[in-house]
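Trainee: I am new to this structure and would like to learn how to read it feature by feature. Could you take me through it slowly?

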Amino acid sequence: MRTGILANSLTAAIKIYNQVKTVPDCDVFILLCPVGQESRLRGVAGHLARLGLRSGRLRSLSLLMRGRVLLLDRPLDDQRTVDRLAKLKLDVGLHRTGSIYKIPTINAFRLGILNPHIGLLPEYRGRNVLEWTLLEGGKVGITVFFVDDGIDTGERIVLREEIDISHCRTLEEAKEFLFSLDAVSFRRALETLRSGERELELNDGSGRRFYVMSKLFRDVVQQLLVANK
């Protein structure tokens, strides 16, 4: 399975790379994407500088020399980038950028692009879903699903797991913990796809889309988190 990690940070991408490369028959590439609206030249220069400055730079340079790190010097929705992705003949993309993908970019991957969402779909989609889950007394978890061009509306769920956050003392700690599980979640999702042992679950849109929670409600949720210990 040819897999491309779409990332703005090489450090974050390597963490995912180290997990998913253990999946049998998984051929993994890191696709470093421009940050924001930076120019083509500045984007490439920035990536090269980060390659040299980050810890583990020998590992980074080794992956670059082996053709495992590719620098995408144009925005993901640029037709030239889409054409380049299509030529790589990748089966799956792994989302680790700040982008919302457009359909041509998604379709450049045979199966699509996977996203690890720190909420259980279809119940909780949108913003601050951990906070809304805790406020409603719902189950905390991670959903890995194939994206579309909407907000957490992709229909194909590959992995849906409840996660215990009882050891976390603050909302920030809980969110950081859930986000830190992205590499493991990607690996498990790819293993599920590779095995083909079960049909994918359906994100049927039955849940609600949540929006940014106010500070007042966040303070209430923080108190609930502490009280439930």
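**Reading the sheet and the pocket**

Mentor: Helices (H or I, at least four residues) and strands (E, at least two) are DSSP runs numbered from the N terminus, and two strands pair if DSSP finds at least two bridges between them. This is a predicted model, in which local features need pLDDT of at least 70 and side-chain atom pairs count only at pLDDT 80 or more, while totals for chains, interfaces and linings use all residues. Residues are numbered from 1 along each chain as its sequence is written, and side-chain values use heavy atoms, with hydrogens and water left out.

Trainee: In which sense do β1 and β4 pair, and over how many bridges?

Mentor: Strands of a sheet pair through backbone hydrogen bonds, either parallel or antiparallel. Here β1 and β4 pair in the parallel sense over five bridges, and β1 also pairs in the parallel sense with β2 (residues 27-32), over six bridges, where Leu 6 has Leu 31 as its partner in β2.

Trainee: In what order do the eight strands form the open sheet, and which strands stand at the edges?

Mentor: The order is β3-β2-β1-β4-β5-β7-β8-β9, with mixed pairing. The edges are β3 (69-71) and β9 (201-202), each with a single partner strand, so one side of each is left without a neighbour in the sheet. At the β9 end, β8 (residues 156-162) and β9 run antiparallel and are joined by two bridges, with Glu 201 of β9 as the bridge partner of Ile 157.

Trainee: Why is β1 described as largely enclosed?

Mentor: Buried means under 20% relative accessible area, exposed over 50%, and partly exposed in between, with a 1.4 Å probe and protein chains only. Five of the six residues of β1 (residues 2-7) are buried, so the strand is largely enclosed by the rest of the structure.

Trainee: What volume does the largest pocket have?

Mentor: Rolling a probe the size of a water molecule over the atoms shows where empty space is left. On a 1 Å grid over the protein atoms alone, a pocket is an open set of points where a 1.4 Å probe fits, with protein on both sides within 12 Å along at least five of seven lines, and lining residues have an atom within 4 Å of a point. The largest pocket has a volume of about 830 Å³, taken as the space filled by probe spheres set on the points. Of its 32 lining residues, the closest to its centre are His 95, Asn 115, Pro 116, His 117 and Asp 152.
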